[in-house]
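Thanks for passing this one along.

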Amino acid sequence: SFGRWIIGFFLQQGQKNKSESSRISPPLLSRINQIISNGSRLWRKLLLLSWQATIYSLWTERNHRLHRNHFRSPASLVAEIDRIIRLRIASYRFSNPGESSDLLQLWFAAS
């Protein structure tokens, strides 16, 4: 379940104490490099979507915590990231239905 694993990693990195090292773990870095260099275009696109949705959700959560004093659980963040990715993939349906279907199948297989 690469999708949940990558989301979990980004959430874990976001929760790290500032005094700790924020370096990416070697297995994750190896897997990301493998996808970028050898993976299909769809895997690269899915990785980019995961990255963008995770960063957006974590930044939004950070702003809500700082400015609104509103906190959500990690499980709700993962659910939101999953929803954002599914909606973004669905938005490709109009311009490229085949790619949208393939991306959604990859996302379901990865999560």
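1. The charged end of R62 sits over the ring of W59, 4.6 Å from the ring centre. A second case of this kind involves K45, which lies over the face of Y92 at 4.3 Å from the centre of the ring. A charge counts as over a ring here when NZ of Lys or CZ of Arg is within 6 Å of the ring centre and within 35 degrees of the ring normal. Aromatic pairs, on the other hand, number zero in the structure; such a pair would need the ring centres of Phe, Tyr or Trp (its six-membered ring) within 6.5 Å, with planes under 30 degrees apart called stacked, over 60 edge-to-face and the rest tilted.

2. A word on the ground rules: this is a predicted model, in which local features need pLDDT of at least 70 and side-chain atom pairs count only at pLDDT 80 or more, while totals for chains, interfaces and linings use all residues. Residues are numbered from 1 along each chain as its sequence is written, and side-chain values use heavy atoms, with hydrogens and water left out.

3. Now the overall fold. The protein has five helices and zero strands, and its elements run α-α-α-α-α from the N terminus. Helices (H or I, at least four residues) and strands (E, at least two) are DSSP runs, numbered from the N terminus. Of the 111 residues, 32% count as buried, where buried means under 20% relative accessible area, exposed over 50%, and partly exposed in between (1.4 Å probe, protein chains only). The protein exposes about 7,200 Å², and carbon and sulfur atoms supply 57% of that area; the areas come from the Shrake-Rupley method with a 1.4 Å probe, and for residues only the protein chains shown count as cover. Taking contacts between residues at least 6 apart in sequence, 60% join residues at least 24 apart. Contact means heavy atoms within 4.5 Å.

4. Which residues does E99 meet in salt bridges? One partner is R41, at 2.6 Å from N to O. R41 lies in helix 3 (residues 41-67) and E99 in helix 5 (residues 97-110), so this pair ties together parts that are 58 residues apart in sequence. Another partner is K45, at 2.7 Å from N to O. K45 in helix 3 and E99 in helix 5 are 54 residues apart, so to speak a link between distant parts of the chain. E99 is buried, at 9% relative accessible area, whereas K45 is partly exposed at 24%. A salt bridge is a side-chain nitrogen of Lys or Arg within 4 Å of a carboxyl oxygen of Asp or Glu, and the whole structure holds six of them.5. Helix 5 also holds D102. Its relative accessible area is 36%, so D102 counts as partly exposed.

5. Are the two partners buried or exposed? E61 is buried at 4% relative accessible area, while R65 is partly exposed at 37%. Salt bridges with shared partners join E61, R65, R72 and E80 into one network.

6. E80 is found in helix 4 and is buried, with a relative accessible area of 12%. Leaving aside neighbours within four places in sequence, E80 is in contact with Y56, S57 and R72. E80 and S57 are 23 residues apart in sequence, and their C-alpha atoms are 7.4 Å apart in space.

7. D82 lies in helix 4 (residues 74-91) as well. Its relative accessibility is 10%, so D82 counts as buried. The side chains of D82 and R86 are joined by a polar contact of 2.9 Å. A polar contact is a pair of N or O atoms within 3.5 Å; within protein, one must be able to donate a hydrogen and the other to accept it, and residues adjacent in sequence count only if both atoms are side-chain atoms.

8. One backbone angle to look at: phi of N69 is near 55 degrees, a positive value in a residue other than glycine. Most residues other than glycine have a negative phi. N69 has its place in the loop between helix 3 and helix 4, and with a relative accessible area of 58% it is exposed.
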